[in-house]
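Take a look at the sequence and the structure below. We will go through a few places one by one.

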Amino acid sequence: MVEKLNSMGIIGINPYLVKVEVDISTGMPYFDIVGLPDASVKEAKDRVRAALKNCGFDFPIARIIVNLAPADIKKFGAIYDFPILIAVLKCSKQLNAQLDDAIIIGELSLSGDLNPINGVLPMIIKAKELGFKKVFLPKDNAAEGAIINDISIYPVNKITDFINHINALSQIPIHPRTKITKTPNKNFIDLKDVKGQFDAKRALEIAAAGGHNILLVGPPGSGKSMLAKRIPTILPEMTFDEIIETTKIYSIMGALPQEIPLITNRPFRSPHHTISSSGISGGGSIPKPGELSMAHNGVLFLDELPEFPKNTLESLRQPIEDCQVTISRVKGTLTYPCAVMLVAAMNPCPCGYFGHPSRPCICSDYTISKYLSKISGPLLDRIDIHIEVPPVDFESICSINNTLEETSANVKERVNKAREIQNLRYKELKINFNSKAPLNVMEKFSNLTDSAKDILKKAFDVLNLSARAYDKILKISRTIADIEGSETIEVAHISEAIQYRSLDRKYWFRNNK
Ligand SMILES: Nc1ncnc2c1ncn2[C@@H]1O[C@H](COP(=O)(O)OP(=O)(O)OP(=O)(O)O)[C@@H](O)[C@H]1O
Ligand SMILES: [Mg+2]
């Protein structure tokens with residue numbers, strides 16, 4: 001007699017239905033799990049045996065075979081403990097239950113308690129899509145599961161609670177729906193803490209308004225890291241869809257906050273430069289999203305950019321353009337979303353003072369070139385805005401009252417207005433902001449005045465710009481015009497945008513000027 005229960009698995013961020021089948025037959029006592037289980041799935045045997053015994057049930061002395069279908073996809077983790085135990089109980093006639101419309105997921109402790117698992121949110125979304133009505137899961141995952149409506153979430157504390165529920169001895173109450181409320185940011189920092197640096201702040205505002213990538217170059221201690229860390233404070237609030245998308249990634253990583261299992265503040269990820277390529281992009285023997293995906297709908301900040309290994313930086317080229325990272329394995333391809341705003345900061349040379357107005361640089365021309373060459377032309381080309389962060393002058397830094405400095409809230413208001421214009425513009429297309437518009441769409445909406453067109457043409461010829469640089473300049477100038485509330489792109493907008501593409505000539509291509 002075979003018993004079947006429904007459970008779930010995840011490949012990348014895509015959940016799929018797993019049928020847990022148990023067959024018990026007479027013969028030499030034997031317990032095996034098939035269907036490509038990894039070591040952690042195989043260990044379910046011991047947990048199930050101990051949990052059954054400790055909850056007062058019999059472990060059948062017979063041949064027990066568990067099959068996890070589809071059998072050609074590798075299964076990971078302890079999530080099948082719970083359905084295997086229930087299927088064994090059903091198959092050995094110790095439990096009579098109708099569970100065709102339910103999904104069962106959860107890890108067991110030896111005493112029969114249920115421990116939380118990762119990836120619950122995407123699994124529940126999939127379960128709902130597949131038409132399931134109930135989910136039995138560990139109590140600590142219930143709030144996360146209950147984010148999704150129209151599917152009943154039953155939080156299970158202990159195996160015996162589940163059995164009593166099925167036998168109608170005591171009911172497990174359905175978990176109330178988790179309200180999506182914004183969690184306050186405990187570590188709030190404000191843009192007004194950064195003194196001076198008005199040009200850099202302006203560039204940050206433009207980058208935030210149009211979702212542009214930005215590179216900050218300047219000497220040590222000028223405030224680059226300070227500025228970058230404040231970018232999330234001027235970005236618009238996350239939408240409902242963005243919250244769900246980002247929470248899914250954190251759910252798979254098991255990185256959701258305990259109290260409210262939601263990511264409602266834009267992520268700011270700042271990996272150290274010793275990170276590996278798979279740490280950035282994702283992957284590994286048990287595939288996991290990388291820092292790029294952990295920053296989905298937020299900011300990926302790469303401080304000290306040239307210190308990152310070259311292959312790590314080069315691996316960013318495709319994901320930052322396509323907003324998704326694809327990892328190829330022998331067994332198939334995984335795709336993780338990564339709609340990030342890339343923010344990078346660096347010194348212009350190893351000593352940090354090349355181009356400094358007063359302090360001499362001690363690096364040789366060769367050292368400077370070698371240092372800068374760690375950032376390849378194609379990568380530089382993909383970063384929309386390049387801005388210099390010069391040393392702060394004494395007057396700015398020693399000003400006691402910083403009423404001159406704008407607060408993050410003020411800047412955010414302008415960013416929000418510019419985003420509203422963009423949302424309206426692209427509402428028929430699946431585009432959120434200017435930086436994501438393809439060139440043909442951008443040309444349609446750019447509305448350049450004749451004199452702005454002339455300036456762009458001259459810049460293209462004189463600065464020898466790439467087609468991508470042309471595209472980026474159009475997009476940046478569109479964002480600047482949106483901040484100003486202007487329908488057309490004027491000379492001032494295009495000229496400012498061109499400036500943000502000229503810094504490479506001062507540093508990278510200084511000999512070809
Ligand atoms: N514009 C500024 N306003 C106020 N404080 C500043 C400013 N710039 C630098 N500081 C002070 O200097 C410290 C260092 O700044 P920060 O780490 O941002 O510099 P950096 O440009 O990233 O330097 P490095 O190139 O060495 O990484 C800050 O913690 C802050 O105390
Ligand atoms: Mg720094």
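Pro70 sits in a loop, the one between β4 (63-69) and α3 (81-91). This is a predicted model, so treat each detail here as part of a prediction. Ala69 and Pro70 are joined by a cis peptide bond, with omega at about 5°. Why point that out? Because most peptide bonds are trans, and most residues other than glycine have a negative phi.

Where is Lys93 found? Look in the loop between α3 and β5 (102-104).

Next, step back to the whole protein. How is the protein divided? Domain 1 covers residues 2-166, and domain 2 covers residues 191-512. The contact between them takes 15 residues from domain 1 and 18 residues from domain 2.

How big is an interface? Its size is often given as the accessible area lost when the parts come together. Here, domain 1 and domain 2 bury about 1,400 Å² between them. Carbon and sulfur atoms account for 76% of that area.

Now turn to ligand 1. How many residues surround ligand 1? There are 16, and the closest are Lys195, Gly221, Lys224, Ser225 and Asn347. By type, the shell divides into 6 nonpolar, 6 polar and 4 charged residues. Helix α8 (residues 224-229) gives the largest share of this shell, with 3 residues.

Ser225 uses its side chain instead, placing a polar atom 2.7 Å from an oxygen atom of ligand 1. Glu304 also has a polar side-chain atom facing an oxygen atom of ligand 1, at 3.1 Å. On its own, ligand 1 has 630 Å² of accessible area, and the protein covers 68% of it.

Definitions and conventions:
Residues numbered from 1 in each chain as written. Chains lettered and ligands numbered in written order. Predicted model: local features only at pLDDT ≥ 70, side-chain atom pairs only at ≥ 80, totals over all residues. Heavy atoms only, no water. Near = heavy atom within 4 Å. Polar contact = N/O pair within 3.5 Å; in protein donor to acceptor, adjacent residues only side chain to side chain. Areas by Shrake-Rupley, 256 points an atom, 1.4 Å probe, with all protein chains shown as cover. Helix = DSSP H or I, 4+ residues; strand = E, 2+ residues; numbered from the N terminus. Nonpolar A, V, L, I, M, F, W, Y, C, P; charged D, E, K, R; others polar. Domains from an automatic or database assignment. Contact = heavy atoms within 4.5 Å. Buried area = accessible area lost by both parts, 1.4 Å probe.
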